[in-house]
Amino acid sequence: GPGKSEMMQTWRPLFAALLIASAHAFSPALPLGLKKAADFGHHQHARPNCGSSLVMMAKKSSVKGNKVMPTAKGFTTKAKLVGPAKQISSPKISKLMAWMEKGGANVGKVCVADFNGLRGVAALQDIEAGEAIVTVPQDLSLNLGSEGSNPGYAAAQLVRIETDTERKAAGWFQEFLDVLPPYAECDTTDFFSDEELAALEWPSIIEETKRRYTMLRSTYDATQIASVQEKANNAKFTYEEFMWGVYQVVSRVLTIYTNADGGIKYLIPMIDFFNHDPSSANTLKCSQGIFSVVAGKRIKAGQQINIVYGSGLLNNDRIVQEYGFVEAECPNDVKQLVMPATKDLLPGFPFAGMGKDEQGLSALLAGFSTSAEEDEKLLPTLQGKMRIAVSFRLEKKRAIARALAQLSGGAVGTLDFSD
């Protein structure tokens, strides 16, 4: 509508200026402000790929019986949706939904809901296979720049946007920014204490997290250099604010690939509320300046609606570091263990192979300080990031046990490692 158009005309130049400071981190040809929907539409014939860089809301973990189950974090809830889901009536979410509808999004078929402690997206009506579940115009998303392995550059851009006094005064995108998780809820390994990190008992992820600590600190220090500050309108921010931005980038950003621009990071309202289910048939699409989630099969009113993170290629190393939760019975954990040992990432996967045989797997299992049974008893007594860490090592033990069972069963040459 006219209101949205006027808002965006004012908003784009402001943030084009705000994002200049990190220009050195991205392709010189990449526009650093929000791209217009018309520009995005020019790439409709390119290969849009919501692939391995898809990251969404992180979830904490709890225990139900002997199973690690995810739990919600965030708003106080009030049941309004009849059925297995309870609609969340948070004023912040209500304002977000109204803002999105005013901006041209189609979110009327769903609501943000609580599923026995897990916050996610619920269907308010039956949705048929092939039908769009939600659609979000690109103008309602935040373009945080091109793809890169260092999330600090995009994080710095987001923090400049969030802390900008002119933006705050005008209220631009405030409804969206208000529902992003606060620093206290950041629970990926970047926010683990030394004790919590050690509790993972998985050297590769511990070492990788420590390397990222160093990289992110250096990136933050670079953003505070006077010459960079001058280009960014002297937008100073604290290290804690910067790390808050890192969490949003690694756990909620969607990277869209096009032939023209490579990967571009977008923070997209509502789509970042969808939780992960490796068996989900729902798909993400982007075309003509519209982001959408499309139903892969019929969805009944009241059901939770999930998507697959990372095209189903992630293992728990990636999941715990990027999202702060643990996937039960993740098949890629077994693949990591028994696929040929590699120094670099395995082709098509975001992790290296370990090449373990039965003897190597048994040695890994013996190297933990606790047994799986001891971890199962310990989990109900834990909270927060320590619970996530113990859940992670428990799931690794279970993966080793599954790999041993497959190998001892004579299936060494017949294991299916296809995507």
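A: Begin with a charge and a ring. This is a predicted model. The charged end of R252 sits over the ring of F273, 6.0 Å from its centre.

Q: Which ring does the charged end of R217 sit over?

A: The ring of Y239. Here the distance to the ring centre is 4.3 Å.

Q: Which cluster does Y239 belong to?

A: Ring pairs join Y239 with Y220, F237 and F242 in a cluster.

Q: What is the geometry of the W99 and F173 pair?

A: Edge-to-face. The centres are 5.3 Å apart, with 70° between the planes. The two residues lie 74 residues apart, so read this pair as a link between distant parts of the chain. W99 is in helix α3 (residues 91-102). F173 is in the loop between α5 (165-170) and α6 (174-177).

Q: Are W99 and F173 buried or exposed?

A: W99 and F173 are buried.

Q: What about W202 and F368?

A: That pair is stacked: 6.3 Å centre to centre, 10° between the planes. The pair links distant parts of the chain, 166 residues apart. W202 lies in the loop between α7 (194-198) and α8 (203-223). F368 lies in the loop between α13 (358-366) and α14 (372-378). Both W202 and F368 are buried.

Methods. Residues are numbered from 1 along each chain as its sequence is written. This is a predicted model: local features need pLDDT of at least 70, side-chain atom pairs count only at pLDDT 80 or more; totals for chains, interfaces and linings use all residues. Side-chain values use heavy atoms; hydrogens and water are left out. Rings of Phe, Tyr and Trp (its six-membered ring) pair if their centres lie within 6.5 Å; planes under 30 degrees apart count as stacked, over 60 as edge-to-face and the rest as tilted. Helices (H or I, at least four residues) and strands (E, at least two) are DSSP runs, numbered from the N terminus. Buried means under 20% relative accessible area, exposed over 50%, partly exposed in between (1.4 Å probe, protein chains only). A charge sits over a ring if NZ of Lys or CZ of Arg is within 6 Å of the ring centre and within 35 degrees of the ring normal.
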